[in-house]
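Here is a report to read with the structure open beside you.

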Amino acid sequence: MPRGFNEQEKQKIFETLIDEGKRLFSRFGLKKTSVGELAKAAGIAPGSFYTFFDSKEALFFEIMEKEEDKIRSRFIQLDLTREADIKESLKRFLFQMLSMVEENELFRQLLLDKNYDALLRKLPPQKLEEHLHRDSDSIGVILSKWKEIGIAQGIEEDAIAGLFRALFTISLHKQEVGEEIYPKTMELLMDLIVEGLIKKGE
């Protein structure tokens with residue numbers, strides 16, 4: 001039976017699990033990382049892991065949310081109204097967002113090899129609902145700023161969320177698109193998206 005921890009120990013172990021989980025998941029992926037390995041990295045018994053998380057998927061999800069919070073914070077603070085060329089600033093925004101996801105191994109792990117399906121099966125519905133609400137709130141803030149300057153008028157939040165997900169998905173299929181033409185393809189796609197979003201406001 002796992003031994004009890006005081007509050008200070010719990011906080012320290014929780015933070016270690018987050019840090020070590022990020023390291024192990026980024027290196028080996030969700031499927032190949034075991035609860036035993038996570039517990040060992042945090043210096044606790046495997047049974048004690050469940051004092052903090054119901055499953056390794058729950059830990060993965062917790063880490064993902066922290067990573068998403070960093071991205072949300074960055075882009076919510078971005079002010080397109082300060083830019084002289086709205087189209088170029090919007091295009092740069094989309095490329096920056098895509099780049100942050102492409103460079104984050106955890107996001108790649110989530111979208112590859114059916115890891116997202118594993119999370120959906122393991123996580124409580126309430127947890128997923130709360131996550132979707134946070135996503136919706138963040139997109140709502142971004143979309144509200146856009147509409148103030150005439151961007152994306154008449155477009156619903158879920159459609160913008162779907163657009164972001166579609167861009168992330170495309171970035172995972174460079175080989176299918178063709179690695180040599182991928183940069184030009186994304187450049188063209190971003191131009192078309194920006195034109196469409198701006199046109200909605202005219």
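In which hand, left or right, does helix 1 pass helix 2 at their crossing? The crossing of these two helices is right-handed. Keep in mind as you look that this is a predicted model.

**The overall picture**

Let's step back for a moment. The protein has eleven helices and zero strands, so its pattern along the sequence reads α-α-α-α-α-α-α-α-α-α-α. The C-alpha trace spans about 65 × 35 × 30 Å along its principal axes. There are 202 residues, and 40% of them count as buried. Now take the contacts in the protein with a separation of 6 or more: 68% of these are accounted for by residues 24 or more positions apart.

| Helix pair | Angle between axes | Axes apart |
|---|---|---|
| Helix 1 (residues 7-28) and helix 2 (residues 35-42) | about 130° | 9 Å |
| Helix 4 (residues 56-76) and helix 7 (residues 115-122) | about 110° | 9 Å |
| Helix 5 (residues 86-102) and helix 11 (residues 182-199) | about 130° | 10 Å |

Back to the pair we opened with. Helix 1 and helix 2 pack at about 130°, and are therefore oblique to each other. From helix 1, the residues T16, L17, E20, G21, R23, L24 and F25 come into contact with E37, L38, A41 and A42 of helix 2. Sort the residues of this contact by class and you get six nonpolar, two polar and three charged.

Helix 5 goes past helix 11 in a right-handed crossing. On the helix 5 side, the contact is made by I86, K87, L90, K91, L94, F95, L98 and E102. On the helix 11 side, you'll find Y182, M186, E187, M190, D191, I193, V194, E195, L197 and I198. By class, this contact has twelve nonpolar and six charged residues, with no polar ones.

**Helix 4 meets helix 7**

How is helix 4 oriented relative to helix 7? The two pack at an angle of about 110°, which makes helix 4 roughly perpendicular to helix 7, since angles from 65 to 115 degrees count that way. Helix 4 passes helix 7 in a left-handed crossing. The residues that make the contact are E57, F60 and F61 from helix 4, with A118, L119 and K122 from helix 7. Four of the contact residues are nonpolar, two are charged and none is polar.

Which residues of helix 7 are buried? They are N115, A118 and L119. Because these residues cover an arc of only 100° around the axis, they sit on the same side of helix 7.

Leaving aside its neighbours within four places in sequence, E57 is in contact with L30, A118, L119, K122 and L123.

E67 also lies in helix 4. With 9% relative accessibility, E67 counts as buried. Not counting residues up to four places away in sequence, E67 touches K22, N104, L106 and F107.

**A loop and a lysine beside it**

Now find the loop between helix 8 (125-148) and helix 9 (157-171), where A152 has its place. A152 isn't a glycine, yet it has a positive phi of about 60°. Its relative accessible area is 0%, so A152 is buried.

K147 belongs to helix 8. Its relative accessibility is 31%, so K147 counts as partly exposed. Setting aside neighbours within four places in sequence, K147 is in contact with A152, Q153, G154 and I155.

How far apart are the C-alpha atoms of K147 and I198? They are separated by 9.8 Å, while the two residues are 51 residues apart along the chain.

How values were computed. Residues are numbered from 1 along each chain as its sequence is written. This is a predicted model: local features need pLDDT of at least 70, side-chain atom pairs count only at pLDDT 80 or more; totals for chains, interfaces and linings use all residues. Side-chain values use heavy atoms; hydrogens and water are left out. Helices (H or I, at least four residues) and strands (E, at least two) are DSSP runs, numbered from the N terminus. Buried means under 20% relative accessible area, exposed over 50%, partly exposed in between (1.4 Å probe, protein chains only). Axes are lines fitted to C-alpha atoms, for helices over the stretch in contact, and angles run from 0 to 180 degrees between N-to-C directions. Angles under 35 degrees count as roughly parallel, over 145 as roughly antiparallel, 65 to 115 as roughly perpendicular and the rest as oblique. A crossing is left-handed if the near helix is turned anticlockwise from the far one by less than a right angle, and right-handed if clockwise. Contact means heavy atoms within 4.5 Å. Ala, Val, Leu, Ile, Met, Phe, Trp, Tyr, Cys and Pro count as nonpolar, Asp, Glu, Lys and Arg as charged, and the others, Gly among them, as polar. The arc is that of the directions from the helix axis to the C-beta atoms.
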